[in-house]
Amino acid sequence: MSAEIKVPTLGESVTTATVAKWLKHPGDAVNEDDPLVELETDKVSVEVPAPQAGVLGPLLVPEGAEVEVGTVLSTIEAGSGAAPKAAAAPAPKKEAAPAGVQAQPATPGPVARPATPPSDVAAQGAAVAFPSARKMMAEQGVSAAQVGTGTGKDGRITKGDVQSFLSQPRVAQPAAAARPPRQDDPREERVKMTRLRRTIARRLKDAQNTAALLTTFNEVDMSAVMQMRAEYKDLFIKKHNGVKLGFMSIFSRAVIAALQEFPAINAEIDGDDVIYREFVNLGIAVGGPNGLVVPVIRDADKMGFAQIEAAIAGFGKKAREGTLKIDELSGGTFSITNGGIYGSLMSTPIINAPQSAILGMHAIQDRPVAVNGQVVIRPMMYIALTYDHRIVDGKEAVSFLVRVKQNVEDPRRLLLQV
C-alpha cells in the first residue's frame, strides 16, 4: 500500500512553499517519521516526515520549485526492510566547485548536507545555500562567499541572509549583473521582488481589501510603569531565574484585561457568523532574518508577567535563529507590534487577518504635558489600535484603547482587576 507525501498546512495565510532540499532519493528505505524533504516558506523552514515506513518513490517535484499546500511531492511504497534511521540518510557528497558555483551532480541522487560543520565550510571559502537563496544571489550577482556562513541549518544561506547582505551598502558591485538587458535609465536599478516582499504586499493588500480598517490613537504616560520597573527589576530577575521585566509583558497584561472587557476585539468574522473567544492567544511581532514574524503566546490570559516575558524572549531567540515552527506562528486572536524599538513615534499597523484588531506601541519620548494644571515633562508613548469596523464599533475601539492606557498608567488596576 502506498502513501502520498503532500505539502502540509503551512500556517495562517501561508499557501505556498519552495522545495529547498530532498533529504532522501528514490529507492531509499525509510522509517516512519524520517525527514524526507525540506520546504522553505517566507518565515520558516519545515521538514516533511515520512507518513509510513517503506521505500521512497519518484520525486514528483524538483528542488527549487514552488508548491502549494496539498501538492503531492512523492509516494512511499509500503514494505519490509526499512533502513534504520542511522543508515537512512545517504553519505554526504563533497563539492569540488568554488564558492558561489552551484554545480549539480551528474548522477541521480539527493543534494546531501555538508559533511563539515559550518565553521569549516566558511574556512574553506565555500557556502551552501537554499535553492531560493541561490536564485536570488544569481539574480543580484552575489556569490556565496560574499554572503558568508548562513543562519539556516548547518550554516546554509537563507533568503533572509541574502536580503540582509543586500541591505548593506553596496561596494563595487557590477551594475549590469543586477539589471535586466534593457534599462531605460542608467541611474535606475531594477531588482526583482523577493518572495517575502511579494507575500507581505499581497497579505497587506488582502487585509485592506477585505476588512474595513480604521485606526484610533491615544497616548500613555509611562512614568508609573518605568518607576515600578526600576524599583522591582532586580528582585524580579532574582525571583524568576533571570527573566527580565520589560514593557511588553505589562502591555500584554493590560491588553488581556481590556480584551476580557471588550470581547468583540478578540473575536473573528467567519462568513456570516462572529466567533467570540473565552481565551486570548496573543501574537507578538518580533524581527527575524527573514523579516517580521508574529509568534503566538497561547492562553496568554492564564499567564503572569514572568511567563509572558519568558515566552517573548524565547520567541525572539528562535526568530533570530530561524527555528520558529509553523504551529508557533498560527492561531493568534490579537496581536501587538512595537515599532518603538526601531524609533517609530506613530504609525497605523495593519491587522493580521483573520484577527480583528492589532495594537501598535511606539517610542517613549519626553514631552511636556499638563498635570493638575501644571506643565510637566513626562515620558509619553503614542499607542494605536487598528480594527475591523465590520465587527468592532468605534465606541468599543476607543473604550478599549482608553482601558489599555488606564491599565498601563496605573498598573495597580491589573492586580486589583478593576
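Visitor: What makes β6 (residues 54-56) and β8 (residues 72-77) a pair of strands?

Guide: Strands β6 and β8 are joined by 2 bridges in the antiparallel sense. Strands here are DSSP runs (E, at least two residues), as helices are (H or I, at least four), numbered from the N terminus. This is a predicted model, in which local features need pLDDT of at least 70 and side-chain atom pairs count only at pLDDT 80 or more, while totals for chains, interfaces and linings use all residues. Residues are numbered from 1 along each chain as its sequence is written, and side-chain values use heavy atoms, leaving out hydrogens and water.

Visitor: Why are β1 (2-6) and β3 (29-30) called edge strands?

Guide: The open sheet of 4 strands runs in the order β1-β8-β6-β3, with antiparallel pairing. Strands β1 and β3 each pair on one side only.

Visitor: Why is helix α3 (residues 131-140) described as largely enclosed?

Guide: Of its 10 residues, 7 are buried, so the rest of the structure largely encloses α3. Buried means under 20% relative accessible area, exposed over 50%, and partly exposed in between (1.4 Å probe, protein chains only). Among the buried residues are P131, R134 and Q140. The buried residues of α3 pack against β2 (16-22), β4 (35-40), α4 (144-147) and α5 (159-167), where contact means heavy atoms within 4.5 Å.

Visitor: Why is L345 called partly exposed?

Guide: The relative accessible area of L345 is 34%, which lies between the limits of 20% and 50%, so L345 is partly exposed. L345 is found in the loop between β16 (334-338) and β17 (357-361).

Definitions and conventions:
Pairing = 2+ DSSP bridges.
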